[in-house]
Amino acid sequence: MKKQLSLAMAAVMALSLAACGGSGDSTTSTTSGTTSDAATTEGSDVSTNWGDVTLTMWGAEEDQTMLREMADAFIEENKDKGNITINIGACSEADTKDNVLTDPTAAADVFAFADDQLNELVAADALQEVTLNADDVKSRNLEGSVEAASLNGKLYAYPMTADNGYFLYYDKSVISEEDAQTVDGILAAAAKAGRTFDMTLNDGWYIYSFFAGAGLEATLADDGVNTVCNWNEEPGADVAQAIMDIASNSAFVSAPDADIVSGIKNGTVCAAVSGTWNASTAQEIWGDNYAATKLPTYTLNGEQVQMGSFAGYKLVGVNPHSQNVGVAMMLADYITNEANQQKRFEERNLGPSNINVNASEEVQAAPAIAALAAQSDFSDLQRVGANYWDPAASLGQILQSGDTQGKTMQQLVDDAVAGITAPVAQ
């Protein structure tokens, strides 16, 4: 552990806030005493002798105020250990990997990111293995989130949320609980009401649900870079036909997320496949008629097949190039602890990965969180290579348009798999 805490860099880490749109907002403790850098000095005790410590933390734009409060609380709790400054920068969790990998030595000390970025960050030596309180981190978080934060049996990040997935929202005044169980039922009820069921088909994240539900796979190869995909095996061509049949229904609309939100607001949409980020909008517009549940089943060769999904988690990582690795780990541990996951749920309606918070009555009563929990039995970690996304989206685009360009369904899935499994250029 002391060796982990004795990493000294030759140059001071740059605050790479411009890449992530950060404001550089900071708060500093004003404690008198030692000014030695306890986090980077050989043989010192990080728990009692930090000296002067400056950290930069990146998080989502909408979390900036909350992160500032967490950082200030961390400083207050540890003000007896040294002079602590924490700068806050805005960086979308979806863009973290790209910003960090631009120059890991200039990236933030602590950063939030989506779990599917973990493998590449580890491969680039841009994630510090969790060597401080690792057993506690594992024991307090949901098993799936710990798995998402781990690679080859080692924990590389701190689980922060367990809500980066998708499920079904619906308006109970139009869609009954029974209707919501099947795509056919939803479409029939929507058509009767002159409204629509919306989902994004030309997106690899969502179209995966149909193929996964049919028992087909798209996952990382053993090299951790390329993708293994068997969508062109039985019954892949039939899955593609089922998707096109759904898309051709007059009550179905393949729409991007922003259009789904607009449709909920203007009253045209009565059911949609989306995630927790739209929970507040659906609840505000539909009021007492707001409901959420697992994804429905769809008709495949005359049988009902449960739709699968990607399960996603938000994690917090520590930069191994930080001048203050030990204190950075303590900060990451702090902002993802039980109290702060409760704070995230209360202030931002974010689903907790913390076991205790997740099991609370308040969380379990939230329709979106309960829907995610129900869908978790049919979900997989998002682990695909870079060449997965464009071919999968292109397949969805063809199927939603109904224009097969003269190709059979088998040829379409063959083309998609050829693109998805093509070697990633390195």
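## A tour from the sheet to the salt bridges

Start with strand β8 (residues 167–171): β8 and β14 pair in the antiparallel sense over 4 bridges. Two strands count as paired if DSSP finds at least two bridges between them. Helices (H or I, at least four residues) and strands (E, at least two) are DSSP runs, numbered from the N terminus. The model is predicted: local features need pLDDT of at least 70, side-chain atom pairs count only at pLDDT 80 or more, and totals for chains, interfaces and linings use all residues. Residues are numbered from 1 along each chain as its sequence is written, and side-chain values use heavy atoms, with hydrogens and water left out.

**The sheet**

Select Tyr169. Opposite stands Ala292 in β14.

Now show the whole open sheet. Its 5 strands run in the order β12-β9-β13-β8-β14, with mixed pairing. β12 (252–254) and β14 (290–293) are the edge strands, each pairing on one side only. On average, neighbouring strands are turned by 20° against each other, direction ignored. Axes here are lines fitted to C-alpha atoms, for helices over the stretch in contact; angles run from 0 to 180 degrees between N-to-C directions.

Contact means heavy atoms within 4.5 Å.

Next, helix α9 (residues 257–266). It lies across β9 and β13, at about 150° to β13.

**Helix α15**

Go to residues 367–375. In α15, Ala368, Ile369, Ala371, Leu372 and Gln375 are buried. Buried means under 20% relative accessible area, exposed over 50%, partly exposed in between (1.4 Å probe, protein chains only). Look down the axis: the buried residues fall within an arc of 160°, so they line one face of the helix. The arc is that of the directions from the helix axis to the C-beta atoms.

**Salt bridges**

The structure holds 14 salt bridges. Each is a side-chain nitrogen of Lys or Arg within 4 Å of a carboxyl oxygen of Asp or Glu.

Select Asp63 and Arg348. Their closest N and O atoms are 2.6 Å apart. Asp63 sits in the loop between β2 (51–59) and α1 (64–77), and Arg348 in helix α12 (residues 338–348), so the pair ties together parts 285 residues apart in sequence. Asp63 is buried at 4%; Arg348 is partly exposed at 26%.
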